[in-house]
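Here are my notes for a colleague who is new to this structure. Please read them with the model open.

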Amino acid sequence: MASLRYYLFFDHVIIHNANTISSPLTYGFPAISGFLGAIHALNRKIESDTPIYLDGVLIACHECDPQIYRSNAFSDYTFRLTRNPLGKNGDTRSIIEEGRVHLDISLVVEVKIEDRETLDDADDKKRFIEQITKKFYQQRIAGGQVIDIESVGLFSASESHDDLIKALLPAFVLVEAQQDLHDITAELQQHDPDATMLDALVEMAMLHHQPQEKDHWQTRSVKQGRGWLVPIPLGYQAISPLFEPGKVEHARNNEHPAQFVECIYGLGKWVFPLKLQDNFSQAFWHYNCSELQSNGADIYIINQD
């Protein structure tokens, strides 16, 4: 059975034109599934005599630059769109609206191995890092192109995490904030017993302006005192049966089964890396496929152990 032996550290990965539309309701930082999917694809490309598995992913953001624009402080944001080349007949091609974001991120990936002697040799580690770096450049991350990587390194999982945490600075790490979601829902239920977690997520996007004295207003939000909270997509839930290959018309791939799904939302929080010293191993995102107990529907969920 594979066990955790190392952490693979991608330091300051510069990504251009990643997908900023993370779900039907949210935009900004790309969906977590974009990073887990990229690491899963990278894992399948590893060339090694003994099995090496890339598992959980820690996501740290140094800079996030959504390509958006607004004409003044009171107007809505719109995406900056690219102008496509003219058609063969000289006509202007139609513009397809897409959200893009430029990122400066760092990733920490769990490396699990079966043979304890794997990657013990310094030369083996060097060849592994060179292989991973080359393949990482060759694929897209959350739909974006990898422009530069400052460095790639291996850290022992059995030693102190202090050096790895310091290497993440300055940045913010995305963690799950389910407890905050439960607390906000409980607060809303004190005034409305029928309030749900969906109401709590909607409340996250609200600012309440309450008049006080003359020309004085008080602004209140449920996020006050709870840190940098953000709504995030955490996976998908099936809303239809699993159809056999070729049964769904206009499916992207007719070689595999198809299924209609809807997005699952949750609450995340951006925290400073130094706050992870006592629970560093719990900051890694994993994906799981299971069944919901309530209705038996298939579910693909991303969470932190």
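**Notes on the model**

1. Arg-127 and Asp-124 both sit in helix α2, three residues apart, about one turn of the helix. The model is a predicted one. Residues three or four places apart in an α-helix point the same way, because the helix has 3.6 residues a turn. Arg-127 and Asp-124 form a salt bridge, with their closest N and O atoms 2.4 Å apart. Asp-124 counts as partly exposed, because its relative accessibility is 30%.

2. Now take the helix as a whole. Helix α2 covers residues 122-137, 16 residues in all. From first C-alpha to last it reaches 23 Å, close to the 22 Å expected at 1.5 Å a residue. Its buried residues include Phe-128, Ile-132 and Phe-136. Gln-131, Thr-133 and Lys-135 are also buried. What do the buried residues of α2 pack against? Their partners are β1 (3-19), α1 (32-44), β2 (52-66), β5, β6 (140-141) and β7 (144-156).

3. Lys-135 counts as buried because its relative accessibility is 15%, under the 20% cut-off. Glu-47 forms a salt bridge with Lys-135, the closest N and O atoms being 3.6 Å apart. This pair links distant parts of the chain: Glu-47 is in the loop between α1 and β2, Lys-135 is in helix α2, and 88 residues separate them. Glu-47 is exposed, because its relative accessible area is 59%.

4. Another salt bridge joins Asp-120 to Arg-5, with the closest N and O atoms 3.6 Å apart. It too links distant parts of the chain. Asp-120 lies in the loop between β5 and α2, Arg-5 in strand β1, 115 residues apart. Arg-5 counts as buried, because its relative accessibility is 17%. Asp-120 is partly exposed, because its value is 42%. The count of salt bridges comes to six.

5. The largest nonpolar core has 47 residues, and Leu-8, Phe-10 and Phe-136 have the most contacts inside it. Strand β5 (residues 100-113) gives the most to this core: seven residues. Beyond its sequence neighbours within four places, Leu-8 contacts residues including Leu-54, Leu-107, Phe-128, Ile-132 and Leu-154. Another core, of 17 residues, lies apart from it, with Ala-60, Ala-157, Ala-171 and Val-173 among them.

6. Finally, check the surface. Phe-172, Trp-228, Phe-272 and Leu-274 make a nonpolar patch of about 370 Å². Leu-274 is in the loop between β12 (261-271) and β13 (285-291). Leu-274 counts as partly exposed, because its relative accessibility is 38%.

Conventions: Residues numbered from 1 in each chain as written. Predicted model: local features only at pLDDT ≥ 70, side-chain atom pairs only at ≥ 80, totals over all residues. Heavy atoms only, no water. Patch = residues over 30% accessible without salt bridge, like charges linked within 9 Å, V, L, I, M, F, W, Y side chains within 5 Å. Areas by Shrake-Rupley, 256 points an atom, 1.4 Å probe, with all protein chains shown as cover. Salt bridge = Lys/Arg side-chain N within 4 Å of Asp/Glu carboxyl O. Helix = DSSP H or I, 4+ residues; strand = E, 2+ residues; numbered from the N terminus. Buried < 20%, exposed > 50% of the residue type's maximum accessible area, 1.4 Å probe, protein only. Core = buried A, V, L, I, M, F, W, Y, C linked by side-chain atoms within 4.5 Å. Contact = heavy atoms within 4.5 Å. Expected span 1.5 Å × (residues − 1).
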